[in-house]
Structure formats: structure tokens, C-alpha cells
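Let us walk through a protein together, one step at a time. Keep the picture beside you and look up each residue as we come to it.

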Amino acid sequence: MIDEPKITRKQLDHIKAKVLVIAGENDLILRSHTEYIAKEIPCSRLKIYKGASHGVPVERAEELSKDVIEFINKP
């Protein structure tokens, strides 16, 4: 995890699908790494869940579900 992410800007730029990048405020993944990934993927959106850890899908299941549905439905 010290050397992550092992993905280049060029690789991220090749992603053409809409991407919702999520993380917890207290995630074990460095926020700077999460922000880098979101910034470099075209058509991506970043959501940081306050007070959550890496377990966002469990800790914030309802909020995440709403956010995913909203994200999918936006053009």
C-alpha cells in the first residue's frame, strides 16, 4: 500500500465508462491516492463519506445505494 496506486494517468485516461470513486473519510487508502484516481478518470465523480472507514458499503449502505442510483441516472 506504500507504493500505490500502481496505475498511470494514461491507463486511467483510457477508462471511458462513468465511474463513481468512493472512500471513507478514515479510509486506509490515502485520500491523495483516491483523489488522484478520481481526477484522472474522465467522467468520474468522487464521494468521500464522512466518518466512514474502508467499509463504506457496510457502514453507509443506505447512503451509498442512493448515491449509486443517482450517479447511474445522471446523464
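What you see is a predicted model. With that rule in hand, the protein has four helices and two strands. Follow the chain from the N terminus and the elements come in the order α-β-α-β-α-α.

Now step back and take in the whole. The C-alpha trace spans about 35 × 35 × 15 Å along its principal axes. Of the 75 residues in the protein, 25% are buried. To read that word, remember that a residue is buried under 20% relative accessible area, exposed over 50%, and partly exposed in between. The protein exposes about 5400 Å², and carbon and sulfur atoms supply 58% of that area.

Which of its residues are buried? In this helix, which covers residues 31-40, the buried ones are H33, T34, A38 and E40. They pack against three other elements: helix α1 (9-13), strand β1 (19-24) and strand β2 (44-49).

Side chains of opposite charge can pair when their charged atoms come close. The protein carries 13 positive and 12 negative side chains, and the centres of these two sets lie 6 Å apart. The count of salt bridges comes to six. One of them joins the side chains of E40 and R9, with 3.2 Å from N to O. Because E40 belongs to helix α2 and R9 to helix α1, this pair ties together parts that are 31 residues apart in sequence. Are the two partners buried or exposed? E40 counts as buried because its relative accessible area is 15%, while R9 is partly exposed at 49%.

Next, find K47 in strand β2. What does K47 pair with? Its partner is D67, and the closest N and O atoms of this salt bridge are 2.9 Å apart. D67 sits in helix α4 (residues 61-73) and K47 in strand β2, so the bridge ties together parts that are 20 residues apart in sequence. Both D67 and K47 are buried. For K47, the relative accessible area is 17%, which is why it falls in that class. If we set aside neighbours within four places in sequence, K47 is in contact with L20, V21, I22, A23, E63 and D67.

A further salt bridge can be found between K74 and E70, whose side chains meet at 3.8 Å, N to O. Here K74 is partly exposed, with 47% relative accessibility. E70 is partly exposed as well, with a relative accessible area of 38%.

Now for a charged residue that tells another story. Where is D27? Look in the loop between β1 and α2. D27 is buried, yet it has no salt bridge. The nearest side chain of opposite charge is that of R31, and it is 10 Å away. A salt bridge asks for a side-chain nitrogen of Lys or Arg within 4 Å of a carboxyl oxygen of Asp or Glu, so a cut-off decides the matter. What does the side chain of D27 reach instead? It reaches the backbone nitrogen of I29, at 2.9 Å. Not counting residues up to four places away in sequence, D27 touches A52, S53 and H54.

Our last stop is H14, in the loop between α1 and β1. Is H14 buried or exposed? It counts as exposed because its relative accessibility is 54%. From H14, look across to I72: the two are 58 residues apart in sequence, and their C-alpha atoms are 20 Å apart in space.

Notes:
Residues are numbered from 1 along each chain as its sequence is written. This is a predicted model: local features need pLDDT of at least 70, side-chain atom pairs count only at pLDDT 80 or more; totals for chains, interfaces and linings use all residues. Side-chain values use heavy atoms; hydrogens and water are left out. Buried means under 20% relative accessible area, exposed over 50%, partly exposed in between (1.4 Å probe, protein chains only). Contact means heavy atoms within 4.5 Å. Lys and Arg count as positive and Asp and Glu as negative; His and the chain ends are not counted. A polar contact is a pair of N or O atoms within 3.5 Å; within protein, one must be able to donate a hydrogen and the other to accept it, and residues adjacent in sequence count only if both atoms are side-chain atoms. Accessible areas come from the Shrake-Rupley method with a 1.4 Å probe; for residues, only the protein chains shown count as cover. The place of a charge is taken as NZ of Lys, CZ of Arg, CG of Asp or CD of Glu.
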